[in-house]
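Reader: I am new to this structure and would like to go through it with you. Could you show it to me before I start asking?

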Amino acid sequence: MLLDGELVRLRALEPEDAERIHPFVTDPEVGRWMENGHPLSLAQVRKRCEERAINTYEKVVLGIEAKAERKLIGVIDLRDAEPEIGEAYLDVYIGDAEYRAGGGYGTEALRLMCRYGFDNMRLHQITLWVVAENEVARHVYRKIGFVEEGRHREAFVGLDGKRHDMILMSMLKGELTW
């Protein structure tokens, strides 16, 4: 499966992507706002990539590839999808620092994945959680149509050991902006 935009292509992850993903998951800037758990070795990332379950309605995980360079720069997924209520949760990260700020790669990846969720998966709502202090991400989410619905106080423990609030955001079908 390929989802093509002007800047990015969303594609299924391959086992050989492990070498590219490993620096992402060990980068403190990437992990700053993620619930990573413990550090992963390259061998552990390889094993995860090799044993990754096939994409299903319940969980679609795609690599974000910069089209011009054909270079994997991040990962995006829709998970915990429930056809009965038409809702899924979104997770995304741009792991390559060169593509993180201001280039539009993350924004386009989000739009492509949300469009896929609404059109192909027939979702009614896409939901995500974001750390309150992650203003860059919150700005992008608002820009494409997500709205803030609530706050879960001190629910996230950062790499520094401090607790942070989490913001619940969602988008309904028809609210995605281009």
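Reader: Which residues of helix 1 are buried?

Author: In helix 1 (residues 18-26), the buried residues are Ala-18, Ile-21, His-22 and Phe-24. Buried means under 20% relative accessible area, exposed over 50% and partly exposed in between, with a 1.4 Å probe and protein chains only. Helices (H or I, at least four residues) and strands (E, at least two) are DSSP runs, numbered from the N terminus.

Reader: Where do they sit around the axis of helix 1?

Author: They cover an arc of only 165° around the axis, which puts them on the same side of helix 1. The arc is that of the directions from the helix axis to the C-beta atoms.

Reader: Before we go on, what kind of model is this?

Author: This is a predicted model, in which local features need pLDDT of at least 70 and side-chain atom pairs count only at pLDDT 80 or more, while totals for chains, interfaces and linings use all residues. Residues are numbered from 1 along each chain as its sequence is written, and side-chain values use heavy atoms, with hydrogens and water left out.

Reader: Thank you. At what angle do helix 1 and helix 3 pack?

Author: Helix 1 packs with helix 3 (residues 42-51) at an angle of about 125°, and their axes are 9 Å apart. Axes are lines fitted to C-alpha atoms, for helices over the stretch in contact, and angles run from 0 to 180 degrees between N-to-C directions. That angle makes helix 1 oblique to helix 3; angles under 35 degrees count as roughly parallel, over 145 as roughly antiparallel, 65 to 115 as roughly perpendicular and the rest as oblique.

Reader: And which residues meet there?

Author: From helix 1, Ala-18, Glu-19, Ile-21, His-22 and Val-25 meet Leu-42, Val-45, Arg-46 and Cys-49 of helix 3. Contact means heavy atoms within 4.5 Å. The residues of this contact divide into six nonpolar, one polar and two charged. Ala, Val, Leu, Ile, Met, Phe, Trp, Tyr, Cys and Pro count as nonpolar, Asp, Glu, Lys and Arg as charged, and the others, Gly among them, as polar.

Reader: What about helix 4 and helix 5, how do they cross?

Author: The axes of helix 4 and helix 5 (residues 135-144) cross at roughly 45° and come within 10 Å. The two helices are therefore oblique to each other. In this pair, Thr-107, Leu-110, Arg-111 and Cys-114 of helix 4 meet Val-140, Tyr-141, Lys-143 and Ile-144 of helix 5. Five nonpolar, one polar and two charged residues make up the contact.

Reader: Which residues of helix 5 are buried, and what covers them?

Author: Ala-137, Arg-138, Val-140, Tyr-141 and Ile-144 are the buried residues of helix 5. Seen down the axis, they fall within an arc of 160°, so they line one face of the helix. Their cover includes strand 5 (87-94), helix 4, strand 6 (125-131), strand 7 and strand 8 (163-172).

Reader: A change of topic: which way does phi go at Arg-70, positive or negative?

Author: Phi of Arg-70 is near 50°, a positive value in a residue other than glycine. Most residues other than glycine have a negative phi. Arg-70 is found in the loop between strand 3 (59-66) and strand 4 (71-82), and at 63% relative accessibility Arg-70 counts as exposed.

Reader: Where is Glu-154?

Author: Glu-154 is in strand 7 (residues 147-157), and its phi is also positive, near 50°.

Reader: Lastly, is Tyr-116 buried or exposed?

Author: Tyr-116 is buried, with a relative accessible area of 16%, and lies in helix 4 (residues 105-119).
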